[in-house]
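Let's take a friendly walk through this structure, one region at a time. Have the viewer open and follow along.

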Amino acid sequence: MSKATSIRDAVSARLPRRHRAERRFQAYGLAAIVMAVIFLAFLVGSIIIQSVPAFTAHRLTLPVMLTEDLVDPRGDRSEASLRRGSYNSAMQAALREQFPGIESRTELRELFGLYSAINSARLLSQVVEDPDLVGQTIEFEFPISDDADLYLKGQTVDERREAGRAPITLTVDGETVTLRGDEPVFAVFSDRLRQAMTQRAEADEAEAARLIATLDRIIDRDEREVTDAQIERAQRRAERLRLQLADASGLQLGPRDPSLLVRAGETVIAIRSISSDGQTAQGEILLPAGLGPRRVSDWVLWEIETPAATRLITDRQIVFTRTLRDRGLVRNGFNTLLFVNADSREPELAGVRGAFVGSILTMVVTMLLAVPIGVGAAIYLEEFAPKNPVTAFIEVNINNLAAVPSIVFGLLGLAVYINIFGLPRSTPLVGGMVLAIMTLPTVIISSRAALKAVPPSIREAALGVGASKTQAVFHHVLPLALPGMLTGSIIGLAQALGETAPLLMIGMVAFVADPPFFGLSGFTEPATVMPVQIFIWSTSAERAFEARTAAAILVLLTLMIVFNAVAIYLRRRYERRW
Amino acid sequence: MADIEFLDTSSEPRGDTLYHPVTVGYETKVATQGVSVRYGEKVALKDVTMDIPSRAVTACIGPSGCGKSTFLRAINRMNDTIDNAQVSGSVLIDGEEVNDRSVDPVVLRARVGMVFQKPNPFPKTIYENVAYGPKIHGLAGDRDQLDGIVETSLKKAGLWDEVADRLTHPGTSLSGGQQQRLVIARAIAVNPEVILMDEPCSALDPIATARIEELIDELRENYTLIIVTHSMAQAARVSQMTAFFHLGALVEYGPTEEIFTNPRDQRTQDYITGRFG
Ligand SMILES: Nc1ncnc2c1ncn2[C@@H]1O[C@H](COP(=O)(O)OP(=O)(O)OP(=O)(O)O)[C@@H](O)[C@H]1O
Ligand SMILES: [Mg+2]
């Protein structure tokens, strides 16, 4: 009795500590899961947010006149003749139609910069398909340039518009226009700008002073030179700003300052200078619409805060884009091109289809090679191979292979498949073969684990009723191991799907503007794959590729999720319990 | 010393085993001569020589780990499946060497059925469990015949009444005792000549045990049975011959009443009277 009590006391004495340890452990686990979920949500969330702009695109619809002498030089409607037509000229003409006053070379270049000439290829194929279109005017829709698109999405340019406070009088003298307000209508802008300039000048001066103070501490000659240059730059900037501010005649606006436009009806004037009283301004006509001296009371002060020097779209292009949109010719819609086009140097035309098809074709090759070979090897090693030093050696090597950096497999593929066997480079065939070797160890290891997990009593049972070894394996062991094998194989394939490095080695970075043919010949044509496409886009300079990179990542993630969902489904479907 | 009359007289008993004389006229079905089994360095079975009668039940008894299962596995060459197992000596069935290279273990195991120590049904339906053997050996011409084999096997194993209406349920969903009877049905479905049973009643209640013992008794009329049991009472009830194993050696072998009423070796006596084990 006393012994029982003492045991109870001993246990109870330690109980609180045990409970605490348990709760602590649970708390750690919970914290780890919460962290993981937060990271994941953050990652996926940021990708989704970044990708949103890529899923919509602004498209321009213009009435294009397909005049015979432009698109059918021989005039016989033959394909050969139609193919020699100048469809881009037809598009240019359509655009000029919208802005009749635009004549000079630079102005036209800016106007035609609103779209990519590659779009004319689609116009050509449309006409080749239906030669009756020659001589007609058709509504042709095409994506607007990425810079204009980003501008319209409000991604690259900050701007502000306010109604003019008092009537202004315009007088035209050649290229320049003088605007005189009844009140100091430009004062708000020039005061604000002056203030900002003063701040910037002060900041630059402070920066220069700080750098000068550090100078005598710097001994290294190179570093000294760098600092000297920095000081000089800051001083020059400050000097320029001070000079600008000190100008008694008024405020001169340059490309490093915000742009100020005045818009009255369809006329747009870019202000170049503002008098110091803020009442008069001089400017240049950006968009003429029969401009003569006049007095306007209904006008808009349009400030483009992002300086021209730091954006890729000019003032005039902004004006063109807005005007076209105000006329209802530019519409925003779902960016189908992202899914139906292959890669392009023009972001507005670039799509993931090529890489997607390339990925699928590559995965087909990888799957057809890695899964049967891997599963076969696993079955042999696990069920049939004698346990001797040779198999032990092979086993160790397979395990080591799983840890080899993937780029090494790329080198191997380059050396063996391309240089020795002479297979075509940059193709899904070779890419799939390289990824197959990379995936093999994963498939073999997971398949062996699945086979090992089958209780030996099942094998004995089969052998006991007189099944041969092969029958025992294929009738009883394999069905039980299959779900595990499938899971392992799909994880291996998913890994291969996201692999970039080895494919770079065998040249699957090829710029492929036509999506590969989704069929047998596609295997031996140059292609690229999703992760490589993401890599290419992420290193592109164009701002618009930023969102497209995120969108491509989302497509890849979706593909992965589909893969894993299939794995889970198959496992559920075939899993047997014993 | 041993004058076991039913034995093949050409096989002279040897070693340290005590053989009791046998008065009933038996035919030898299985004869082992100097069978030893080693698992790597460990000797699990030492020099076992015994002749096992046809159409009779031979019980193997002995303390845990003494090599009873190993002995059974030596008869249908299940030890081949263990990597480090080395078998020496000879096992003859109907005078034919089992360990001969020319003997295909598949054929051997079709002739020598086995019920394992732990019930191990396939994770398939009850029907498939029983039908698997006949199917791979081509014993049934058509589906009806196969159905017949499944039914008679399950009936013989005393399981039919319990599972007749759920043959498509997984075999693993049965209770432990039912699984044991299922694997017995599976073993007899191929109609083997010899049936090895490794503790077939270890998981059964007294009623099911009685049924299995009844079955063993029935099977005795056509088959040669070798069973391992830890129950002295069961050995006494069902077997005609008893072999006592100790530390891998066959200590004593003879007719069951002889062994139980008149054990000659001290170890046998101690074991059957429950003084060690
Ligand atoms: N696969 C194996 N590898 C190594 N040693 C083994 C193996 N199987 C059995 N043994 C050893 O061989 C000896 C005999 O084993 P066996 O299974 O024949 O005993 P048993 O008489 O059937 O015992 P039990 O009554 O507990 O079933 C034991 O000491 C055991 O440890
Ligand atoms: Mg045993």
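## Where the chains meet

Keep in mind that this is a predicted model. Chain A brings 19 residues to the contact and chain B brings 23. Together the two chains bury about 1700 Å² between them, and carbon and sulfur atoms account for 62% of that area. On the chain A side, the residues that lose the most area to chain B are A:Glu460, A:Val465 and A:His476, which together make up 32% of what that side buries.

There is one salt bridge between chain A and chain B. In this salt bridge, the side chain of A:Glu460 meets that of B:Arg73, with 3.1 Å from N to O. Helix H16 (456-464) and helix H17 (469-497) of chain A each supply at least two residues of the side that touches chain B. H16(A) gives the most to that side, with seven residues. Six residue pairs are in polar contact between chain A and chain B.

## The magnesium site in chain B

Which protein atoms are the donors of the magnesium ion (ligand 2)? They are OG of B:Ser69 and OE1 of B:Gln117, lying 1.9 to 2.4 Å from the ion. This pair links distant parts of the chain, 48 residues apart: B:Ser69 sits in helix H1 (residues 68-75) of chain B, while B:Gln117 sits in the loop between strand S7 (112-115) and helix H3 (126-137).

B:Ile126 belongs to helix H3 of chain B. Is B:Ile126 buried or exposed? B:Ile126 counts as buried because its relative accessible area is 0%, under the 20% cut-off.

Leaving aside residues up to four places away in sequence, B:Ile126 touches several others, including B:Leu154, B:Val163, B:Leu167, B:Pro170 and B:Leu174.

## Helix H9 in chain A

Helix H9 of chain A (residues 221-246) has 26 residues and reaches 37 Å from its first C-alpha to its last, close to the expected 38 Å. A:Asp220 caps the N-terminal end of H9(A), placing a side-chain oxygen 3.2 Å from the backbone nitrogen of A:Asp222.

The buried residues of H9(A) include A:Thr227, A:Ile231, A:Ala234 and A:Leu241. Among the elements covering the buried residues are helix H8 (187-215) and strand S6 (250-252) of chain A.

Technical notes:
Residues are numbered from 1 along each chain as its sequence is written. Chains are lettered from A and ligands numbered from 1 in the order in which they are written. This is a predicted model: local features need pLDDT of at least 70, side-chain atom pairs count only at pLDDT 80 or more; totals for chains, interfaces and linings use all residues. Side-chain values use heavy atoms; hydrogens and water are left out. Helices (H or I, at least four residues) and strands (E, at least two) are DSSP runs, numbered from the N terminus. The expected span of a helix is 1.5 Å times one less than its number of residues. Buried means under 20% relative accessible area, exposed over 50%, partly exposed in between (1.4 Å probe, protein chains only). Contact means heavy atoms within 4.5 Å. A polar contact is a pair of N or O atoms within 3.5 Å; within protein, one must be able to donate a hydrogen and the other to accept it, and residues adjacent in sequence count only if both atoms are side-chain atoms. Donors are N, O and S atoms within 2.8 Å of the metal (3.2 Å for Na, K and Ca); water is not among the atoms, so sites may look incomplete. Buried area is the accessible area (1.4 Å probe) that two parts lose on being put together, summed over both. A salt bridge is a side-chain nitrogen of Lys or Arg within 4 Å of a carboxyl oxygen of Asp or Glu.
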